[in-house]
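Morning, everyone. Please look at the sequence and the model on the screen, and keep both in view while I talk.

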There are 2 protein chains.
Amino acid sequence: MARIAIDMDNVMADLQQHVLAVYAKDYGEVIDPRRLDSVPEGSVFPEGVMVKMLNTPGFFRSIPVMKGSQEVVKALAAEHEVFIVSAAMEFPFSLAEKLAWLNEHFPFIHWRNIVFCGSKTIVEADYMIDDHDKNLRSFKGTPLLFSAPHNLPLTDYKRLNNWEEVATFFELSEVAA
Amino acid sequence: MARIAIDMDNVMADLQQHVLAVYAKDYGEVIDPRRLDSVPEGSVFPEGVMVKMLNTPGFFRSIPVMKGSQEVVKALAAEHEVFIVSAAMEFPFSLAEKLAWLNEHFPFIHWRNIVFCGSKTIVEADYMIDDHDKNLRSFKGTPLLFSAPHNLPLTDYKRLNNWEEVATFFELSEVAA
């Protein structure tokens with residue numbers, strides 16, 4: 001049994017799809033998702049807009065679930081010690097919303113296994129599934145880069161493109177992700 | 001420079017004083033603080049009352065600061081890597097309130113250095129200052145038991161009775177706690 005730290009945004013929660021939908025609704029401009037590829041997160045919007053969206057009450061509560069994540073996280077949690085580790089501290093509204101979101105979409109995750117932090121350098125685990133170089137860089141276990149548009153140029157880590165590949169990596173043969 | 005994980009309730013925040021004050025106000029009964037000594041936390045109240053108080057909005061936001069904690073935590077943070085690590089996940093209301101409380105009373109603590117978790121088994125640090133055996137037991141660094149009424153019978157750890165003793169332990173000669 002391994003301890004696996006799993007990130008929320010861009011990993012369990014489809015943040016990219018959500019920011020595009022919120023931007024289209026609030027700012028009236030539809031952005032081609034391919035424009036997010038290989039550029040820093042949020043850089044496709046006018047300056048300050050991404051941070052403004054992230055700081056809006058309700059934003060995190062309504063993020064769609066990443067395809068395949070529920071089934072695979074459930075299967076992982078049955079065989080391993082799974083911790084959900086989210087860098088939530090920068091956006092105070094997100095704390096309660098992220099907890100409510102987890103309780104709704106991942107009810108099998110116990111509150112004991114949830115961590116909201118700022119820096120992830122304090123997290124000790126065997127594996128970390130995350131989309132950000134800054135979180136994986138200092139990790140002492142095995143870092144696993146979950147593909148997101150912004151991290152496509154990164155070549156430093158074992159890359160998992162979707163939850164089906166997570167299931168394969170951890171040899172969860174029973175799961176249809 | 002060491003990494004020091006510091007608990008909030010009963011360590012930075014005077015939880016015992018607060019529950020007695022809230023109980024006296026809401027239930028009309030003044031309890032002698034000495035009755036808290038050496039008995040499990042909350043056991044001095046009728047069953048369920050402690051949990052009910054902890055789940056009341058505003059409870060955590062208004063806890064008084066533990067005597068000496070601000071000066072010593074500030075001095076520790078100047079010399080070491082200080083992380084505030086609080087088991088906040090059991091009480092959803094506490095998340096935003098604890099963050100606001102920290103921002104008010106410990107404004108020198110950056111959000112990157114705040115961790116709200118359930119189980120603290122995932123925390124990696126050199127020292128952990130905590131009042132609960134359950135948090136210190138699995139800690140791989142040096143556990144430091146901060147005295148609280150409920151832990152007086154515990155003899156398993158290096159005990160620090162107050163923030164002056166924390167300052168002495170970490171050789172912070174400049175601090176008047």
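**A walk through two chains**

Let's start at one residue. Asn162(B) has a relative accessibility of 31%, so Asn162(B) counts as partly exposed. The cut-offs are these: buried is under 20% relative accessible area, exposed is over 50%, and partly exposed is in between, with a 1.4 Å probe and protein chains only.

Now some ground rules. This is a predicted model, where local features need pLDDT of at least 70, side-chain atom pairs count only at pLDDT 80 or more, and totals for chains, interfaces and linings use all residues. Residues are numbered from 1 along each chain as its sequence is written, chains are lettered from A and ligands numbered from 1 in the order in which they are written, and side-chain values use heavy atoms, with hydrogens and water left out.

Back to Asn162(B). Where does Asn162(B) lie? In the loop between strand 6 (158-160) and helix 6 of chain B. Helices here are DSSP runs of H or I with at least four residues, strands are runs of E with at least two, and both are numbered from the N terminus. A polar atom of the Asn162(B) side chain sits 2.9 Å from the backbone nitrogen of Glu165(B). Asn162(B) and Ser69(B) are 93 residues apart in sequence, and their C-alpha atoms are 8.5 Å apart in space.

Next, Glu171(B). Glu171(B) lies in the segment after helix 6 (163-169) of chain B. Its relative accessibility is 68%, so Glu171(B) counts as exposed. What is the phi of Glu171(B)? Positive, about 55°, although Glu171(B) is not a glycine. Most residues other than glycine have a negative phi.

Asn10(A) is not a glycine, yet has a positive phi of about 75°. Is Asn10(A) buried or exposed? Buried, with a relative accessible area of 2%. Asn10(A) is in the loop between strand 1 and helix 1 of chain A.

Take Asp7(A) first. Asp7(A) is in the loop between strand 1 (3-6) and helix 1 (15-27) of chain A. Asp7(A) is buried, at 6% relative accessible area. Its side chain makes a polar contact of 3.0 Å with the side chain of Lys120(A). A polar contact is a pair of N or O atoms within 3.5 Å; within protein, one must be able to donate a hydrogen and the other to accept it, and residues adjacent in sequence count only if both atoms are side-chain atoms. Not counting residues up to four places away in sequence, Asp7(A) touches several residues, including Val85(A), Ser86(A) and Asp130(A). Contact means heavy atoms within 4.5 Å.

Now Asp9(A). Asp9(A) lies in the loop between strand 1 and helix 1 of chain A. At 16% relative accessibility, Asp9(A) is buried. Beyond four places in sequence, Asp9(A) touches Leu15(A), Phe60(A), Ile63(A), Lys98(A) and Asp131(A).

What about chain B? Asp9(B) is buried at 15% relative accessibility. The side chains of Asp9(B) and Lys98(B) are joined by a polar contact of 2.9 Å.

Zoom out. An automatic or database domain assignment gives chain A domain 1 (3-14 + 64-169) and domain 2 (15-61). How many residues are in contact? 18 residues of domain 1 with 18 residues of domain 2.

Last, the pair of chains.
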